[in-house]
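Thanks for coming, everyone. Take a moment with the sequence and the model, and then I'll walk you through a few places in it.

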Amino acid sequence: MKTLFSTLILLCSLVVGCSQSLEPIQLSAPDMTREATMMQAFAQRKSTREFSPRMLSKQDLSDLLWAANGVNRPESGKRTAPSAMNRQDIDLYVCLEKGAYFFDHKQNTLVPVTDQDLRTMKDAPVVLLLVARGSGDEPWGAMDAGIVSQNISLFCAAAGLATVPRASMDAPALARALGLPEDCTPMLNQPVGYFRK
């Protein structure tokens, strides 16, 4: 038992140590003046698997995350994506070349998790990982992840960004690398970037 406890302490310190080289990133407030209409977003929505290596601007990344599942009603804390029974059970992790971050929707901040490159498509500058909290046996997490994924896809279409929703990934390895609790399940990953010219 003492050995198990020591091992757990060592693993926790390694995860914390890995993220210490990364700083939190305060995101920008969403730009509500973007001009694309919903009908234009639906018309432009498509899956794209080729990306420019150029990193998203801070404003594009901020707007993307807010549209995906940010707080749109600060007085109640409710979000841009609906969820079954208001469970708000989808967490977003932002995987970049330099490391992975947790999207703290309440503070509109990226919180460092690890300096490992966990992108599931290495040619995309950003990969969003949609993680469901709660029992993986319940259908709500899959449904709610699908709703967040559609928010991402529609925002990308409106903003001229390339994206594709994907289920293919090594979910157990990602969960371990991110230090996810046992009741958290990676559901989808969504690479995002500018279009390759």
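Let's start with the lining of the largest pocket. By class, eleven of its residues are nonpolar, three are polar and four are charged. Keep in mind that this is a predicted model.

How big is this pocket? The volume of the largest pocket is about 450 Å³. It is lined by 18 residues, and the closest to its centre are M38, W66, A67, F155 and A158.

Which helices build the lining? Helix 2, residues 38–44, helix 3, and helix 4, residues 140–159, each supply at least two residues. Helix 4 gives the most, with five.

So on to helix 4. Helix 4 is 20 residues long. From its first C-alpha to its last, helix 4 reaches 29 Å. That is close to the 28 Å expected at 1.5 Å a residue. After helix 4 comes G160, with a positive phi, near 75 degrees.

Which residues of helix 4 are buried? Among them are G141, D144, A145 and V148. Further along, the buried ones include I152, L154, F155 and C156. And what covers them? The cover includes helix 2 and helix 3. It also includes strand 4 (90–96), strand 7 (126–133), strand 8 (161–163) and strand 9 (184–194).

Remember A158 from the pocket, where it is one of the residues closest to the centre. Is A158 buried, partly exposed or exposed? A158 has a relative accessible area of 36%, so it counts as partly exposed. Leaving out residues up to four places away in sequence, A158 touches A36 and A41. Look also at Q40. A158 and Q40 are 118 residues apart along the chain, yet their C-alpha atoms are separated by 6.8 Å.

Last stop, N69. Where does N69 sit? N69 is in helix 3, which covers residues 58–69. Why do we call N69 buried? Because its relative accessible area is 4%, and the cut-off for buried is under 20%.

What does N69 touch? Setting aside neighbours within four places in sequence, its contacts are R79, T80, A81, I90, L92, F103, H105 and V148. V148 takes us back to helix 4, where V148 is buried too. A polar atom of the N69 side chain lies 3.3 Å from the backbone oxygen of I90.

That's the tour. Questions, please.

Key. Residues numbered from 1 in each chain as written. Predicted model: local features only at pLDDT ≥ 70, side-chain atom pairs only at ≥ 80, totals over all residues. Heavy atoms only, no water. Helix = DSSP H or I, 4+ residues; strand = E, 2+ residues; numbered from the N terminus. Buried < 20%, exposed > 50% of the residue type's maximum accessible area, 1.4 Å probe, protein only. Polar contact = N/O pair within 3.5 Å; in protein donor to acceptor, adjacent residues only side chain to side chain. Contact = heavy atoms within 4.5 Å. 1 Å grid on protein atoms, 1.4 Å probe; cavity = no way out; pocket = protein on both sides within 12 Å on 5 of 7 lines; lining within 4 Å. Points joined across faces, edges and corners; volume = space filled by probe spheres on them. Nonpolar A, V, L, I, M, F, W, Y, C, P; charged D, E, K, R; others polar. Expected span 1.5 Å × (residues − 1).
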